[in-house]
Amino acid sequence: MLSIFCFSLFTLLAAFATGVWSLAVFRFLAGVGIGGEWAVGAALVSEDWPEERRTMGAALMHTGYYIGFFLAALANVFIGSRFGWRYMFALGGAPALLIGLIRNNVEEPARWEKKVHELGEKWTMHRAFLQLFTPQYRRRTLVNSLYLIVSLCGLWAGSVYAPTAMTYIAARAGKSAAEGARLASYSTGLLGIATVLGALVVPSLADWLGRRATLAIFYVVMMSAIWLAFGHVYYMQQNAIAWFLVCSVLLGLGGANFIVYSFWLPEQYGTECRASAFAFITNVGRFTAAGFTFLVGAGIRHFQTFGTPVALTALVFLVGLAFVPLGEETKGKRLPV
């Protein structure tokens with residue numbers, strides 16, 4: 001509830017920003033809020049859902065992120081393209097309405113409450129965090145952090161830069177600013193829909209091929225889609241809009257690699273540090289990927305173009321593929337106590 005409130009409040013306040021620095025502060029604080037949502041949500045679902053449906057439950061939870069992508073794209077068509085960005089940020093305050101629903105209808109998992117009772121005063125915040133670096137978990141924590149760095153660098157290339165690329169392609173094709181905004185929304189909407197469809201396939205693949213193999217498959221899809229979209233389609237002089245919409249679908253499918261983490265990370269840690277592990281690993285990835293955007297910016301200045309530097313981010317997936325065999329395979333194992 002605190003995470004959602006923080007994210008919603010500062011997204012709403014961004015609508016009233018008076019300059020780039022106040023906007024940056026509001027976006028930073030909104031990021032603090034959203035940084036906790038995925039970690040706590042994944043831990044909650046993993047601990048609360050029945051073992052035989054836990055993998056699908058985590059996948060369904062994560063589709064909310066991409067359904068949000070689709071709804072945001074839809075809102076941008078009817079609101080953002082007509083009234084401007086401030087109204088979109090104001091709409092971002094709406095998730096705070098969910099807090100009452102959560103408070104009245106969501107219970108703490110019995111597994112978590114039992115563990116709290118067993119450990120008593122031994123359960124503290126700093127002990128939960130330090131547990132991640134004990135011999136039992138240290139290697140997993142480091143390898144999983146690397147996976148998230150790879151995925152987030154790819155996500156911010158494949159998803160965040162996609163609307164900018166579509167806007168540029170539309171302008172080059174002679175479209176108006178409003179038409180460009182709508183096309184960017186269509187691209188984002190297709191990306192979100194494709195990821196939701198991918199999310200429905202991921203649990204079955206993971207239970208059939210294993211967690212590592214499934215992650216590797218989606219790494220390859222994302223790597224190929226980024227390279228095709230920004231390295232080739234971005235520079236096409238004919239039919240670039242149509243082909244970039246196709247690439248948006250591929251980028252969305254590749255983005256389903258995040259679904260794997262929603263059930264795989266909780267499977268690697270005990271109840272005493274599960275949420276802490278998820279939060280640390282995902283946010284190490286976010287901090288690193290945030291720094292990675294400066295490298296992309298330097299590449300844009302060097303190459304004097306947008307597409308090539310973003311296309312080169314596909315190379316990070318080669319690093320991820322090299323480290324996939326080091327991951328802890330949890331296929332067929334029960335959630336640790």
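**Figure 1. Packing of helix 1 against helix 2.** In this predicted model, S3, I4, C6, F7, F10, T11, L13 and A14 of helix 1 meet L23, F26, R27, L29, A30, G33, I34, G36 and E37 of helix 2, where contact means heavy atoms within 4.5 Å. By class, this contact has 11 nonpolar, four polar and two charged residues; Ala, Val, Leu, Ile, Met, Phe, Trp, Tyr, Cys and Pro count as nonpolar, Asp, Glu, Lys and Arg as charged, and the others, Gly among them, as polar. Helices (H or I, at least four residues) are DSSP runs numbered from the N terminus. The axes of helix 1 and helix 2 come within 7 Å and cross at roughly 160°; axes are lines fitted to C-alpha atoms, for helices over the stretch in contact, and angles run from 0 to 180 degrees between N-to-C directions. Helix 1 and helix 2 are therefore roughly antiparallel to each other, a term used for angles over 145 degrees, with those under 35 counted as roughly parallel, 65 to 115 as roughly perpendicular and the rest as oblique. As a predicted model, it requires pLDDT of at least 70 for local features and counts side-chain atom pairs only at pLDDT 80 or more, while totals for chains, interfaces and linings use all residues. Residues are numbered from 1 along each chain as its sequence is written, and side-chain values use heavy atoms, with hydrogens and water left out.

**Figure 2. A15 in the loop between helix 1 and helix 2.** A15 lies in the loop that runs between helix 1 (2-14) and helix 2. With a relative accessible area of 6%, A15 is buried; buried means under 20%, exposed over 50% and partly exposed in between (1.4 Å probe, protein chains only). Apart from neighbours within four places in sequence, A15 is in contact with R86, F89 and A90. A15 and P135, 120 residues apart in sequence, lie 46 Å apart in space, C-alpha to C-alpha.

Figure 3. The buried residues are N257, F258, I259, V260, Y261, S262, F263 and W264. The axes of helix 2 (residues 20-48) and helix 13 come within 9 Å and cross at roughly 55°; the two helices are therefore oblique to each other. W38, A42 and S46 of helix 2 make the contact with F258, Y261 and S262 of helix 13. The residues of this contact divide into four nonpolar, two polar and no charged.

**Figure 4. Helix 11 against helix 12.** Helix 11 (residues 211-231) and helix 12 (residues 240-254) pack at an angle of about 155°, with their axes 8 Å apart. That angle makes helix 11 roughly antiparallel to helix 12. On the helix 11 side, the contact is made by F218, V221, M222, A225, I226, L228, A229 and F230, and on the helix 12 side by F244, C247, L250, L251, L253 and G254. These residues divide into 13 nonpolar, one polar and no charged. Helix 11 passes helix 12 in a left-handed crossing.

Figure 5. R212 is found in helix 11 and counts as partly exposed, at 27% relative accessibility. Not counting residues up to four places away in sequence, R212 touches W264, V324, P325, G327 and E329. The C-alpha atoms of R212 and E328 are separated by 8.0 Å, although these residues are 116 residues apart along the chain.

**Figure 6. Two loop residues with positive phi.** N239, which is not a glycine, has a positive phi of about 60°. N239 is found in the loop between helix 11 and helix 12 and is exposed, with a relative accessible area of 56%. Phi of Q304 is near 60°, a positive value in a residue other than glycine. Q304 lies in the loop between helix 14 (274-303) and helix 15 (307-312) and counts as exposed, at 66% relative accessibility.

**Figure 7. The buried T141 of helix 8.** T141 lies in helix 8 (residues 138-160) and counts as buried, at 1% relative accessibility. Leaving aside neighbours within four places in sequence, T141 is in contact with L132, F133, Y269, F280 and I281.

Definitions and conventions. Left-handed = near helix turned anticlockwise from the far one by under 90°.
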